[in-house]
Amino acid sequence: MANYYTDHPEIAFHLSHPEMKHLVDLREKNYEDAQKGIDYAPVDFDDAMENYRRVLEITGDVAANTLAVNSESVDLEGPHLENNRMIYASKTVENLEQTRKAGLYGVSMPRRYGGLNLPNVVFSMASELVAAADAGFQNIWSLQSCIDTLYEFGSEEQRQKYIPRICAGETMSMDLTEPDAGSDLQRVMLKATFDEKENCWRLNGVKRFITNGDSDIHLVLARSEEGTKDGRGLSMFIYDKRNGGVDVRHIEHKLGIHGSPTCELTYKNAKAELCGDRKMGLIKYVMALMNGARLGIAAQSVGLSQEAYNEGLAYARERAQFGEKIINFPAVYDMLSRMKAKLDAGRSLLYQTARYVDLYKCLEDIARDRKLTPEERTEMKMYNRLADAFTPIAKGMNSEYANQNAYDAISIHGGSGFIMEYKSQRLYRDARIFSIYEGTTQLQVVAAVRYITNGTYLQVMRDMMAKTPDCELKNRVAPLIDLYEKAVAYVNDANNQEVHDFLARRLYDMTCEIIMSLLIIDDASRAPELFEKSANVYVRMTEEDVCAKSYYVMHFTEADLAAFRAE
Amino acid sequence: MSLKIVVLAKQVPDTRNVGKDAMTAEGTVNRAALPAIFNPEDLNALEQALRLKEQDADTFVGILTMGPPRAGEVIREGMFRGADTGWLLTDRLFAGADTLATSYALATAIKKIGGVDLVIGGRQAIDGDTAQVGPQVAQKLGLNQVTYAEEILKIENGKATIRRLIDGGVEVVEAPLPLVVTVNGSAAECRPANAKRVMKYKYAACPLEVAPEDTRKGLREERPYLNLTQWSVADVDGDPQQCGLSGSPTKVKEVQSIAFQAKESKTLSGSDADVEGLIKELLNEKIIG
């Protein structure tokens with residue numbers, strides 16, 4: 001039987017990364033849950049790894065045999081509105097039932113609340129598998145990770161009230177965007193007022209483009225400080241659908257991810273609880289929420305990239321023209337090899353990022369129970385910085401690669417790819433949003449640029465180079481790092497903000513490609529049978545791109561901007 | 001009401017994905033080339049049992065299987081999906097059983113389990129396709145049976161109401177417990193394995209499955225539910241003469257590897273007369289009807 005996990009040994013490779021031992025030991029806090037008698041908790045590292053493999057096998061099974069089977073029907077039916085409530089497509093309901101029976105909710109939560117306590121690495125892998133089967137359903141399913149933010153910043157009472165419900169399969173949404181507050185969330189206007197009589201908060205206003213907006217438990221960004229106009233007047237609230245007060249006014253008709261309901265919500269005096277501290281909503285909590293969501297989109301992108309590659313490969317193997325299978329034509333295998341290289345390099349970046357997130361969050365969680373040692377504090381800060389630096393490159397690059405791979409999958413199909421009966425058209429439509437929501441690629445560049453300017457990525461590259469065993473590919477990356485360093489210095493020295501902003505995307509691409517080259521070289525050194533080809537192809541692509549972009553950057557001056565400015 | 005349910009399950013070679021290595025040169029099934037799976041219709045049966053358990057948490061569901069030690073995998077699979085435990089009938093004396101000897105062994109084990117309200121199995125296994133074992137078990141135990149079941153609609157006052165598939169439609173029947181039910185592949189698919197249950201039961205094993213160098217022995221000592229019951233012929237007080245090869249009147253005389261070849265072809269027009277002639281011919285030759 002098809003299984004999206006076991007069919008792709010590349011995922012198991014990343015699961016067995018050498019850093020996992022340290023990561024899992026931290027995550028399981030000396031395997032204390034098993035000692036407390038929780039019968040599904042692992043007793044040691046090997047046991048934990050076995051659990052991860054098993055959960056991914058279940059997810060791969062459900063993905064291949066339920067979600068993928070239902071995906072076309074979900075795409076055609078989509079959700080609809082009935083009496084101000086959102087009704088999922090009928091097969092989405094079946095998907096929810098099956099994933100609930102499989103116990104795939106509350107996956108990141110501590111076991112004391114009924115969760116599975118899986119690290120982000122494993123959650124991202126499961127996300128990838130779900131997305132490969134049905135990208136729209138991945139939105140609904142992976143929004144469960146909003147609970148991480150409630151766990152981190154909510155009160156113990158709120159944890160006990162809400163986390164077990166998520167573990168049982170209730171759904172979540174994060175209600176941030178409004179008609180006039182998209183990328184610029186500081187402009188959020190939804191009003192939160194304290195109801196002295198009922199001793200609770202009340203929400204009034206409108207939210208727009210809310211994914212899974214009729215969920216059971218919402219995290220809502222609202223203006224609690226009257227008279228304020230910026231991010232410092234915003235707080236985060238928990239809205240429980242059981243209390244009522246929020247209606248779905250409209251469901252958007254979208255290009256892709258049809259199964260994922262995008263709702264416009266009206267809040268009419270909706271009862272809500274404050275989560276965390278007032279005024280910290282945007283500054284702290286939404287940033288945490290967004291970082292988690294961005295990693296989710298990176299995983300969604302990798303899943304779709306894999307599916308697009310599989311579709312392209314299968315078609316190229318079957319289709320014959322001019323008396324020859326088209327896979328044998330250089331123009332076709334060039335496309336396929338680049339798709340695979342982007343997929344493999346992007347996946348490696350995703351899991352490197354997920355490990356950084358895990359390592360810092362595990363230490364942060366330990367700090368909730370006890371004081372960290374100075375070494376642990378240093379380690380936590382380092383991984384926190386790396387997680388912050390890697391999240392925008394993992395999200396940005398993988399979402400772009402998913403689009404490129406979906407485009408190429410259609411190219412390989414030729415005219416058939418344009419026909420609605422083939423899956424590749426859905427992948428193409430679904431992928432388009434990846435590089436838009438949770439921050440467009442352009443905003444990922446903004447988030448990453450400070451680490452370009454301050455040399456964080458350059459240091460990462462040098463550290464990685466030092467650890468990479470000598471090989472031909474490594475020697476080819478070395479001069480690219482020099483070009484990169486010069487390009488960054490050139491832009492810094494230009495000392496002009498507009499030039500800096502204009503060239504940032506090129507520097508960002510160079511950054512990502514060099515880091516991914518080093519990651520895939522490392523992967524190929526440990527599993528040549530899986531990654532040697534991709535490493536070769538990817539390093540060539542990086543050479544092609546970094547040389548061109550460094551040339552572009554080094555020949556650009558302030559005076560050139562005039563030719564580009566739009567009117 | 002809470003029930004004691006035994007689900008009959010068989011580990012079978014996955015004959016749905018037959019490759020070129022599926023048969024040996026001698027014409028027998030090459031088991032090594034075919035993955036061993038939970039017989040599909042037995043999974044439909046398990047789902048019916050688990051739905052009854054959902055209605056009453058005190059309902060007990062156990063998996064009964066016969067086979068070599070590795071058939072313990074079927075019991076674990078069942079437990080991952082929601083069954084409470086299982087029993088493995090394994091003994092050289094059980095080997096080589098046809099449907100008669102198999103149903104004898106299963107019936108004997110069900111008696112040994114005792115107090116069983118409901119025995120549910122798949123209609124048939126994909127390796128033998130006989131559909132005989134379920135009915136024979138009922139016969140040997142002297143129980144009522146409902147075959148081709150699609151859904152157990154309810155169990156009340158000692159009676160089960162069951163929808164079964166019949167030619168051209170469905171019928172709803174009522175039958176008193178204890179009862180044997182065989183479930184058709186058109187019934188609801190089985191739920192997936194559950195993450196927490198897999199984590200809890202993944203090391204469950206029958207004694208014969210455990211290798212001497214097994215690293216999880218300590219865990220099995222601490223957690224009794226990881227030790228699955230394994231029964232020999234003697235354990236279920238069976239008569240060795242009625243078990244396995246000696247209890248099987250069916251003997252395989254010869255196995256042939258048949259390669260289908262195209263016969264002569266006929267060309268028909270789309271005229272009414274030709275179509276009518278074809279229908280008559282097919283009816284006469286009992287190909288349809």
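Let's start with one pair of residues. B:Ile120 has B:Val181 as its bridge partner in S10(B). Keep in mind that this is a predicted model.

Now step back to the two strands. Strand S6 of chain B covers residues 118-122, and strand S10 of chain B covers residues 179-183. The two run parallel, and five bridges join them.

What is the order of strands in the open sheet of chain B? Read along it: S9-S8-S7-S10-S6-S1-S4-S5-S11. That is nine strands, with mixed pairing. Look at the edges next. Strands S9 (169-176) and S11 (229-231) of chain B each have a single partner strand, so one side of each has no neighbour in the sheet. On average, neighbouring strands are turned by 30 degrees against each other, ignoring direction.

Helices next. Helix H3 of chain B, residues 99-113, packs on this sheet. It touches S1, S4, S5, S6 and S11 of chain B. Its direction makes about 145 degrees with that of S4(B). Helix H4 of chain B, residues 133-141, lies across S1, S6, S7 and S10 of chain B. It runs at about 75 degrees to S7(B).

Now the contact between the chains. Chain A puts in 16 residues and chain B 11 residues. On the chain A side, helices H4 (45-77) and H5 (90-101) each supply at least two residues. Which gives the most? H4(A), with seven residues. By type, the chain A side has eight nonpolar, three polar and five charged residues.

Last, the domains of chain A. Domain 1 is 9-167 + 283-431, domain 2 is 172-279 and domain 3 is 449-563. The C-alpha centres of domains 2 and 3 of chain A lie 40 Å apart.

Note on methods
Residues numbered from 1 in each chain as written. Chains lettered and ligands numbered in written order. Predicted model: local features only at pLDDT ≥ 70, side-chain atom pairs only at ≥ 80, totals over all residues. Contact = placed C-beta atoms within 7 Å. Helix = DSSP H or I, 4+ residues; strand = E, 2+ residues; numbered from the N terminus. Nonpolar A, V, L, I, M, F, W, Y, C, P; charged D, E, K, R; others polar. Domains from an automatic or database assignment. Pairing = 2+ DSSP bridges. Axes fitted to C-alpha atoms, helices over the stretch in contact; angles between N-to-C directions.
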